[in-house]
Amino acid sequence: MKILFLSLLNIEEINNPGIYTDLIREFRNYGHDMTVVGPYERRENKETIFFRNEGIDFLQIKIGDITKTNKFKKGISILQLEYLYLKAIKKYIKKNDFDLIIYTTPPITFERVIKYLKRKNLNAKTYLLLKDIFPQNAVDLGYFSKLNPIYHYFRFKEKRLYKQSDRIGCMTINNLNYILKNNNYLKPNRIEVCPNTITIRKRTFFKESKNMVREKYNLPLDKTIYIYGGNLGKPQGVDFLCKVLLRSMDHDNMYFLIVGSGTEYKKLQTFILNNKIKNTKLIPQMSRLDYEEVVYSSDVGMIFLDHKFTIPNFPSRILSYMQASLPILAATDCISDLSEIIEGNKLGQWCKSDDVETFYLKSQKFLDKDYSEKIGMNSNNFLENNYSSLNAVNIILGKQKEKEKVV
């Protein structure tokens, strides 16, 4: 089968782990002919290029900056995406015999691209991997209101993209139900659960190895380490995280390790310094290998989402915690089904992300090492049974229905 994969992720090295690279590699390993389209941002000073590597064709398209830039420049770059992708695809991808076209959100502005590809590849089926529900998430975070013309423009593009999609894979059951409820023109049989997945890898750290990694990063050897890794922006509710750190700052056995970057990084850094919080270490974004080291050397994986969200989210960073057999401590909105996934399957603890005291009390449970290790094993087993890349491949190809227990 010939498959075209489009996303906003810069994918050049297929062997790097990640939800998209693992999925693409799984398709390739099972004999499918893959073409991958992604961007270079302007700051990288690279031109659009088409090349082949590791048995996969890559089209990397030069676009404007959409990360680490101001809102105005980001907005302009997003609006230009459709034109730039169309222009490059018309120039570099001459074959019109794709069987399957897979694409992701963000962005929702691929609608004209998908329409063009469907017209050129008459027998191709289209599959949307829905990872982000925009523009509603921007409304939830106060970027603009539903009265703003910007909202109506993006909502129009969102509907058009859904209509172009033969099938839509949602991350969770709540995600799926939200889409059906708010887009009643869609037929239910076109929508299914296709969760975030990774390639399952076995990697065991013994106590000596963990201690060596902790010493390398000047982390305590005798405390329970709660790690958060990923974006530090408005969606993560950094104000709540600050309150959590303040509430826990005097606990002798707890240590918080936060690794990442984002618009709220400086705010968090200033808060930690001003309040002289000693049991917290903040590290800028690390390489994938270094980050994996510290995850495996930690004890508890943390998830944060702003309590104001009205759309269900499923942060992919939870998978790296599960891979390392860490129990999960999550604070999110009530719309997400993370509470059912985590507590219903005994993977950890959950609370609403505006309840600092409950979070503090639930965090104490992981100080019991026997409890923590047992829940961590549940977490790893659940990953293997539900969130493997092969599972996602089979769902996309229609070879199996998603298991009922993956909620």
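Which residues are linked in a network of salt bridges? I find that Glu-82, Glu-111, Arg-112, Lys-157 and Arg-160 are joined in this way, a salt bridge being a side-chain nitrogen of Lys or Arg within 4 Å of a carboxyl oxygen of Asp or Glu.

I note that this is a predicted model, in which local features need pLDDT of at least 70 and side-chain atom pairs count only at pLDDT 80 or more, while totals for chains, interfaces and linings use all residues. Residues are numbered from 1 along each chain as its sequence is written, and side-chain values use heavy atoms, with hydrogens and water left out.

I searched the whole structure and counted 22 salt bridges.

I looked up Lys-2 next, and its side chain meets that of Asp-97 in a salt bridge of 2.7 Å, N to O. Because Lys-2 lies in strand E1 (residues 2–6) and Asp-97 in the loop between helix H2 (71–92) and strand E5 (100–105), the pair ties together parts 95 residues apart in sequence; helices (H or I, at least four residues) and strands (E, at least two) are DSSP runs, numbered from the N terminus.

I then checked Arg-201, which forms a salt bridge with Glu-292, the closest N and O atoms being 2.7 Å apart. Arg-201 lies in the loop between E8 and helix H7 (207–216) and Glu-292 in helix H10 (residues 288–296), so parts 91 residues apart in sequence are tied together. Glu-292 is buried, at 11% relative accessible area, whereas Arg-201 is partly exposed, at 34% (buried means under 20%, exposed over 50%, partly exposed in between, with a 1.4 Å probe and protein chains only).
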